[in-house]
Amino acid sequence: MKQIDLRSDTVTRPSPEMRRAMAEAIVGDDVLGDDPTIKKLEAMTAEMLGKEAGLYVPSGTMSNQIALFTASNRGDEVLCETGCHILNYEAGAPAVLSNLILHTIDGKRGIISAEQIEQNIRPINVHCPLTKIVSLENTHNRAGGTIYPLETISAIEVVARRHGLWMHLDGARLWNAHVATGIGLDAYAAHFDTVSVCLSKGMGAPIGSVLLGTADFIEKARRARKIFGGGMRQVGIIAAAGIYALENNLPDLAQDHDNARYLGEHLSPIPGLTIDLETVQTNIVIVDNEKMTADDFYSRLADKGVLCIPIGPARVRFVTHRDVSYEECQKAVENVEQVMAN
Ligand SMILES: Cc1ncc(COP(=O)(O)O)c(C=O)c1O
């Protein structure tokens, strides 16, 4: 039985064409600045996002953490949304690596407003930590793949600039926001000093993220990458997969969004399940179950070959991606119906 793996868009496997591109990559020692393939990927990504320079790193976590580390001093404060990835899923890295305080703000479906940012900036006062960074997440993973409205980002930037704050974007799935809205990647990125994008999620590469910013900042970030152990040698082999993904896979995200919409619309009428359909804007569907625990739901569904991921006591997440077809989503719905009927 082939599993229908809807746990995450990180489970995609490189296609034969992508593997071929990896096998044929021209490589060199990137720590010595010799790898042409990585240079091409960094330049390509920077151009797509309208930034001066890019830095390839092994993971989205490292990319976010290098940005925070490089843009801050010990004890500084980062304003972020309560459900954000840098707080909930990066193993405490902002505290461990950069001695940062994460000051959380409850968003609506993951989105915080400029007014909320303004209200949470600390006064300049010897007693208070220094508010230094605003970190946003687009799309917002835990909120269900929700998209930051561009006007909200723009209004937040106005407040941040007035207070001299650094704007960082965790854009692990910025590609999805771009494909869903048609808003340019560069139009989103223009509001931020640093942007992190991941190639290993819906884009289908096996590894890799790119941190973008000014050439000056990226030079400092390169040093931070070495400190964090992320300097890699013949890295063009995996960078080639990233280039392949950028050249070929971006438009396919639209199908993932249609599939997620299908899942949301067909799972929500099932008795015992609740979905906030307004959050189903890209490739993530969050489902609350009134009949069984998330662990129970997960294992009963797994027995039928459909995988989701528990993210709360009664809450699971389904994520669509390029290795799950529309027909498999239809099959997943049938399996959920059976599990909920028994
Ligand atoms: C929004 C967001 N940011 C960052 C990351 C971290 O990426 P990685 O797993 O490559 O460290 C993820 C991973 O799922 C994510 O969803």
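**One crossing and its surroundings**

Reply: Helix 3 and helix 10 are roughly perpendicular to each other. The model is predicted, so every value here is computed from it. The angle between helix 3 and helix 10 is about 115°. Angles of 65 to 115 degrees count as roughly perpendicular, which is why helix 3 and helix 10 get that label. Their axes lie 9 Å apart. The crossing of helix 3 and helix 10 is right-handed.

Now the residues. Helix 3 brings Ile 66, Phe 69 and Thr 70 to the contact. Helix 10, residues 215–227, answers with Phe 217, Lys 220, Ala 221, Ala 224 and Arg 225. By class, five of these residues are nonpolar, one is polar and two are charged. Thr 70 is the polar one. Lys 220 and Arg 225, both from helix 10, are the charged ones.

The shell holds 13 residues, and Ser 59, Gly 60, Thr 61, His 85 and Ala 172 come nearest to the ligand. What classes make up the shell around the ligand? Nine of its residues are polar, two are nonpolar and two are charged.

Take helix 1 (residues 16–23) and helix 11 (residues 236–248). Their axes are 7 Å apart, and the packing angle is about 135°. Angles over 145 degrees count as roughly antiparallel, and 65 to 115 as roughly perpendicular. Helix 1 and helix 11 are therefore oblique to each other. This crossing is right-handed as well. From helix 1 come Glu 17, Met 18, Ala 21 and Met 22. From helix 11 come Ile 237, Ile 238, Ala 240, Ala 241, Ile 243 and Tyr 244. The contact of helix 1 with helix 11 has nine nonpolar residues, no polar ones and one charged one. Glu 17 is that charged residue.

The other pair is helix 12 (residues 253–267) and helix 14 (residues 326–341). Here the axes come within 10 Å and cross at roughly 20°. Angles under 35 degrees count as roughly parallel, so helix 12 and helix 14 are roughly parallel to each other. Their crossing is right-handed. Helix 12 supplies Asn 259, Tyr 262, Leu 263, His 266 and Leu 267. Helix 14 supplies Tyr 326, Cys 329, Ala 332, Val 333 and Val 336. Eight of these residues are nonpolar, two are polar and none is charged. Asn 259 and His 266 are the polar ones.

Helix 12 leads on to a sheet. It lies across strand 9, strand 10 (284–289) and strand 13, and runs at about 20° to strand 10. That open sheet has four strands in the order 9-10-13-12, with antiparallel pairing. Strand 9 (273–274) and strand 12 (309–312) each have a single partner strand, so one side of each is left without a neighbour in the sheet. Strand 12 runs antiparallel to strand 13 (residues 315–319), joined to it by three bridges. In that pairing, Pro 310 stands opposite Val 316 of strand 13.

Strand 3 (residues 77–81) pairs with strand 4 in the parallel sense, over five bridges. Leu 102 of strand 4 is the bridge partner of Val 78.

Asn 99 lies in the loop between helix 5 (93–98) and strand 4. Its phi is near 55°, a positive value in a residue other than glycine. Where is Thr 139 placed? It is in the loop between strand 5 (131–137) and helix 7 (150–162). The peptide bond joining Asn 138 and Thr 139 is cis, with omega about 0°.

How values were computed:
Residues numbered from 1 in each chain as written. Predicted model: local features only at pLDDT ≥ 70, side-chain atom pairs only at ≥ 80, totals over all residues. Pairing = 2+ DSSP bridges. Helix = DSSP H or I, 4+ residues; strand = E, 2+ residues; numbered from the N terminus. Near = placed C-beta within 6 Å. Axes fitted to C-alpha atoms, helices over the stretch in contact; angles between N-to-C directions. Left-handed = near helix turned anticlockwise from the far one by under 90°. Contact = placed C-beta atoms within 7 Å.
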